[in-house]
Amino acid sequence: MDQAQEQKITRRINFRIVKNKMASGVFLAATLFGLVVLAMLIYRVVADGIGWLNMDFITGKLSTQPERAGIMGAILGTFWLMLVVTPVTMFLGIGTAIYLELYAKKGRLQAFIQTNIANLAGVPSIVYGLLGLTVFARAMNLGNVALAGGLTMSLLILPIVIVASQEALRAVPGFLGEASYGIGATKWQTIQNVILPVALPSILTGAILSLSRAIGETAPLVVIGIPALLIPFPGSIFDKFTVLPMQIYYWTIDSSLTAEYANLAAATIIVLLLCLLLLNSAAIIIRNKFQKQF
Amino acid sequence: MDIQNHLAKDGQTSIREMIQEKRKKRRVKETFEKLIPKFLLALAMVSILTTIGIVFTLLSETIEFFKRVPMTDFFTGTVLKPLSQTPEFGVLPLIMGTVTSSIIALFVAAPIGLMSAIYLSQYASERVRKIFKPLLELLAGIPTIVYGFFAFTFVTPLLREFIPSLEATNILSPGIVMGVMIIPMIASLSEDAMSSVPNAMREGALGLGATKLEVTRKVVIPAALSGIIASFVLGISRAIGETMIVTIASGSTKNFTLDVTQSMQTMTAYIVEVTGGDASTGSTVYYSLYAVAMTLFIFTLLMNILARKISQKFREEY
């Protein structure tokens, strides 16, 4: 091989290596972009809100005067909402998952339910809001109370809970069930005493993550018609209520009129994000601590 | 003799009773076992009922709407003035707003999401991956209302430094922020697609002397293309259905334009505006809500079905 050709090849190889290195840098930068935006978002919220976050703000009532406003009503509203959503989704979600994974014969019905769940997961949350408005708030005459909001929210996150529970049940090793059948247990006894306890940590992790989705969701509740007015603290699931995201929404859109509302919104966001962080940490702890390895 | 007789008789009855009792217990247990699947099936039917409920409510009110406003006016009208004296119900401004914001979102999320996926699945070491991936997923866990706040109070003022003609509410800023929101979704779905490309193919190309970039471009991406495209389609579907970011940051002007510096209303934002106001039940405005929601529902449903078809049909089997 003559010298010139060899040089040409070396140059070409070097060029390819440099190109690869540069591309690697670009890909890293793209990955960091998302993280930088995340950091900016959190910085922005904390900078705006931390000065307004104190005990009076958390325990106070809503008020039109920014200095006196508090979010206890929204915190209680979120609590009542979750008191509806948690049992309803757990019951329906786990039940459906058990049926689909352990009872249903592979066939048309099972495939139909499965496709239907996949499609429901893609329906925009605002459409669930219209369903809730039409069915729960109007047709069943519940009005815009925590029960109506909670049932709507339950339907919204149900597909996620079902899919997460199905995955958890599928991950239970088959020999555990076989052993249980082998000593004469019936199918339900096996599910109740062997399969469910093993799958429970993963099911709970999935359920908690979906619940945190419901806590941050706003659109369906706007549609149901959560009042922007000052309402008394909700005392049960049959009371009118507001939740943290709704309060953030109203304060954000009003911030172009009264600048301090932006600070109130930011302070509320801090509270909301802390709640979500707490829930997510709980989910991770449950997963790491109670999950058995086979 | 009498006593013995009695004992025997007693013994017989008690054994018979025991057997009967055992049988009864078993029968109860058996019926219980048989009832359980039926009960669970009933629970599973709730998700079917939800679908029926959604389709039925949307459809019945939409039909009522089309009795008052002709279908052609709705689908070809470029003017939406629901509350004026001479109301006009053209849906095109809303579709324009929805499509524009979703395309902006895709312009942000598709390249960045795909490149993040390439970095995480092809370049990053296991340790870096374990740190970056959960952090990126945090982006997906942030409530959309928080993104709305971010778009309105931070991104719009920031963009105005560069584009002075930008209005306080505009479609550009929520579009970009929605893009950021769907980055983790596209990244994680594309990464799954690329990770499922068998290592033998990758190693074959590396063995021939290709660089990682060449392997990614010429082997991994073509093999994972269906999954990547499906992730884009799902991303658009998420953006179309997204509500709070556009409601807060894009305002409620029903512009039929392609000028992204202006306020444009999306279908979702229209639903929020009308339900938030006092559209009395039975008014044409009230029914228009359901017609718009129906359009939105069909849009996202088609997108989701398309995404599933793409990833099923063009999946390469190895």
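Into which domains does the domain assignment divide chain B? Chain B has domain 1 (1-68) and domain 2 (80-313), with bounds that come from an automatic or database domain assignment. The model is predicted, so local features need pLDDT of at least 70 and side-chain atom pairs count only at pLDDT 80 or more, while totals for chains, interfaces and linings use all residues. Residues are numbered from 1 along each chain as its sequence is written, and chains are lettered from A and ligands numbered from 1 in the order in which they are written.

**Chain A: overall form**

- Chain A has 11 helices and 0 strands; helices (H or I, at least four residues) and strands (E, at least two) are DSSP runs, numbered from the N terminus.
- The radius of gyration of chain A, 26 Å, is well over the 19 Å that the globule rule gives for 294 residues, so the chain is more spread out than a compact globule. This radius is taken over C-alpha atoms, and the globule rule is 2.2 Å times the number of residues to the power 0.38.
- The C-alpha trace of chain A spans about 90 × 65 × 35 Å along its principal axes.
- Of the 294 residues in chain A, 45% are buried. A residue is buried if 20 or more other C-beta atoms lie within 10 Å of its own, exposed if 12 or fewer, and partly exposed in between, with C-beta atoms placed from the backbone.
- Contacts between residues at least 6 apart in the sequence of chain A join residues at least 24 apart in 76% of cases. Two residues are in contact if their C-beta atoms, placed from the backbone, lie within 7 Å.

**Chain A: domains**

- Chain A is divided into domain 1 (3-52) and domain 2 (57-290).
- The C-alpha centres of these two domains of chain A lie 38 Å apart.
- Their contact takes 6 residues from domain 1 of chain A and 8 residues from domain 2 of chain A.
- On the side of domain 1 of chain A that touches domain 2 of chain A, there are 4 nonpolar residues, 1 polar and 1 charged. Ala, Val, Leu, Ile, Met, Phe, Trp, Tyr, Cys and Pro count as nonpolar, Asp, Glu, Lys and Arg as charged, and the others, Gly among them, as polar.

**Chain B: overall form**

- Chain B has 11 helices and 2 strands.
- The order of elements in chain B, from the N terminus on, is α-α-β-β-α-α-α-α-α-α-α-α-α.
- For 318 residues the globule rule gives 20 Å, and the radius of gyration of chain B is well over this at 30 Å, so chain B is more spread out than a compact globule.
- A box of roughly 115 × 70 × 35 Å, taken along the principal axes, is filled by the C-alpha atoms of chain B.
- Buried residues account for 44% of the 318 residues of chain B.

**Chain B: domains**

- The centres of domain 1 and domain 2 of chain B, taken over C-alpha atoms, are separated by 47 Å.
- In chain B, 7 residues of domain 1 are in contact with 8 residues of domain 2.
- The side of domain 1 of chain B that touches domain 2 of chain B holds 3 nonpolar, 1 polar and 3 charged residues.

**Contact between the chains**

- Chain B contributes 62 residues to the contact and chain A contributes 66.
- Helix 1 (residues 2-68) of chain B supplies the largest share of the chain B side, 16 residues.
- The side of chain B that touches chain A divides into 41 nonpolar, 18 polar and 3 charged residues.

- The largest nonpolar core has 176 residues, of which Val127(A), Val177(B), Ile271(B), Val292(B) and Ala293(B) touch the most other members. Such a core is a set of buried Ala, Val, Leu, Ile, Met, Phe, Trp, Tyr and Cys residues joined through C-beta atoms within 7 Å.
- Ile271(B) touches Ile126(A), Val223(A), Leu289(B), Val292(B) and Ala293(B), not counting residues up to four places away in sequence.
- Helix 10 (residues 267-276) of chain B is mostly covered, with 7 of its 10 residues buried; among them are Tyr270(B), Ile271(B) and Val272(B).
- The cover over the buried residues of helix 10 of chain B includes helix 5 and helix 9 (219-224) of chain A, as well as helix 3 (92-123) and helix 11 (284-313) of chain B.

**A loop residue in chain A**

- Asn141(A) lies in the loop between helix 5 (125-139) and helix 6 of chain A.
- Phi of Asn141(A) is near 60°, a positive value in a residue other than glycine.
- Asn141(A) is exposed, with 8 other C-beta atoms within 10 Å.
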